[in-house]
Amino acid sequence: MGSGKTTWAIKEMNEHLDERYLYVTPYLEEVERIIAACPDLHFKQPDDKFSKYESFRKLLSEGENIVLTHELFSRLQLTATVYKQLHSMSYNLILDEVLDVIIPIQETKQDVKMLFDSGAMKADNHGIVQWLDKSYKGKHMELKIRAESKTLIWFEGTLLMWTFPSDILPVFSSVTVLTYLFDGSHMKNYFDLYHIEYQIYHIHDGRLTLGIDTLTEERCLLQELITVYKGKLNSIGEGDYAQSAHWFERHRQIAHVPVNNAYNFFRRVCGAKADNAMYAIFKKYQKRYKINSYMTSYVPCNSRATNAYSNRTFLAYLVNVFDNPYVMKWFMQQGVEVSQEQFALSQLVQWIWRSAIRNMQPITVYIPSERMRTLFLDWLYCKA
């Protein structure tokens, strides 16, 4: 993080104005950054004058350079016509951060049962959902679009999941993913699943260099800048599963303790104010467990690719990250190994890098989860 990946991508695009680009980034603020940084490429973003999908189709048919968010990209109806246009016009895909290549769909069990029972959709022997009611128009249109794109999976008769279509990547002239700790991502698992070959590079002196950078010198410098709290407020985090989502649900009588501890850490240990602090808790519990006086300091635990918090110097990461068990099982059933430790470390390090450390300014971090704290310290001191 902060090695200049996006800066390199901007420079690369500006030096190859004869190429076409589809640039996908997590946040709208970064959409605006790409448009401003590449004036000669005249990047356009889909608008919602009619529908963003139709706008995307129009921009594509006109051969425009397109920038859009991860969320919109995952919701596009990727038809055979779209594939053909991407291929024929030789688009280069640049992904700023890995995509969520498999996403559980938040639909009620009653609605899903109704759609199956009514014959609106069915699942084949591989769990691929097919939409049968071609005339359907209603609140489940997004499910219909995903099913018609053959990206919807009914897993073990329990859960609907969206998967990124594996056959779209070959239609691009090139695919570049700007990320760090790729091994901890589902996109890496996805590449393994579909036997997609790739090479790993790093940025050295502003140039793309083949191979993984160990960052030994950089981490030695970071050791001087990052203070990890090791006091008694950590006692609530003992054990492998403390502060996991399951722990917050099962231990409601003490679930407020890490939040209270974070308040004490900010106020009494650090003397932090709301505008120079940031904390993470699972979104589901954000309103239930509030940190008084620091309400505006909340930053989602999976945040990445944003510079909006680069003034924050006091951090509290109150979660213990585990992968979705259904997603893990789906990969493992198909022979793909998923690393819980790399997945958790990737989220934590990316989150910490939203803070002032990205500007090489000192930070102090409270990580009550013994497991998460150990993963981070092992990474910081080059043991992982």
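**Questions on a predicted model**

Student: Happy to start with the helices. At what angle do helix 13 and helix 14 pack?

Tutor: In this predicted model, helix 13 covers residues 340-352 and helix 14 covers residues 370-380. Their axes lie 10 Å apart. The two helices pack at an angle of about 75°.

Student: How is that arrangement of helix 13 and helix 14 described, roughly parallel or roughly perpendicular?

Tutor: Angles from 65 to 115 degrees count as roughly perpendicular. The angle here is about 75°, so helix 13 and helix 14 are roughly perpendicular.

Student: Which residues of helix 14 meet helix 13, and how do the residues of the contact divide by type?

Tutor: On the helix 13 side are Gln-340, Glu-341, Ala-344, Leu-345, Leu-348, Val-349 and Ile-352. Their partners in helix 14 are Arg-371, Met-372, Leu-375, Phe-376 and Trp-379. The residues of this contact divide into one polar, two charged and nine nonpolar.

Student: Which tyrosines does Tyr-366 contact, neighbours within four places in sequence aside?

Tutor: Tyr-366 is among the residues that touch the most other members of the largest core. Its contacts include Leu-233, Pro-258, Phe-265 and Leu-315, as well as Asn-234 and Asn-261.

Student: Now a strand residue: is Thr-163 buried or exposed?

Tutor: Thr-163 is in strand 8, residues 159-163. Among the residues it touches are Val-101, Ile-102, Ile-153 and Trp-330. Buried means under 20% relative accessible area, and at 8% Thr-163 is therefore buried.

Student: On to charges. How many salt bridges are there, and how far apart are the closest N and O atoms of Lys-11 and Glu-15?

Tutor: The count comes to 14 salt bridges. In one of them, Lys-11 is partly exposed at 47% relative accessibility, and Glu-15 is partly exposed with a relative accessible area of 47%. The closest N and O atoms of Lys-11 and Glu-15 are 2.8 Å apart.

Student: How many residues apart in sequence are the parts tied together by Glu-64 and Lys-44?

Tutor: The side chains of Glu-64 and Lys-44 meet in a salt bridge, 3.7 Å from N to O. Glu-64 lies in the loop between helix 3 and strand 2, and Lys-44 in the loop between helix 2 and helix 3, so the pair ties together parts whose separation in sequence is 20 residues.

Student: In the pair of Asp-111 and Lys-139, which residue is exposed?

Tutor: The closest N and O atoms of this salt bridge are 3.3 Å apart. Asp-111, in helix 6, is buried at 17% relative accessible area. At 67%, the exposed residue is Lys-139.

Student: Last one: which residues are linked with Glu-71 in a network of salt bridges?

Tutor: Salt bridges in this model also form a network. Linked in it with Glu-71 are Arg-75, Glu-142 and Arg-146.

Notes. Residues are numbered from 1 along each chain as its sequence is written. This is a predicted model: local features need pLDDT of at least 70, side-chain atom pairs count only at pLDDT 80 or more; totals for chains, interfaces and linings use all residues. Side-chain values use heavy atoms; hydrogens and water are left out. Helices (H or I, at least four residues) and strands (E, at least two) are DSSP runs, numbered from the N terminus. Buried means under 20% relative accessible area, exposed over 50%, partly exposed in between (1.4 Å probe, protein chains only). Contact means heavy atoms within 4.5 Å. Axes are lines fitted to C-alpha atoms, for helices over the stretch in contact, and angles run from 0 to 180 degrees between N-to-C directions. Angles under 35 degrees count as roughly parallel, over 145 as roughly antiparallel, 65 to 115 as roughly perpendicular and the rest as oblique. Ala, Val, Leu, Ile, Met, Phe, Trp, Tyr, Cys and Pro count as nonpolar, Asp, Glu, Lys and Arg as charged, and the others, Gly among them, as polar. A salt bridge is a side-chain nitrogen of Lys or Arg within 4 Å of a carboxyl oxygen of Asp or Glu. A nonpolar core is a set of buried Ala, Val, Leu, Ile, Met, Phe, Trp, Tyr and Cys residues joined through side-chain atoms within 4.5 Å.
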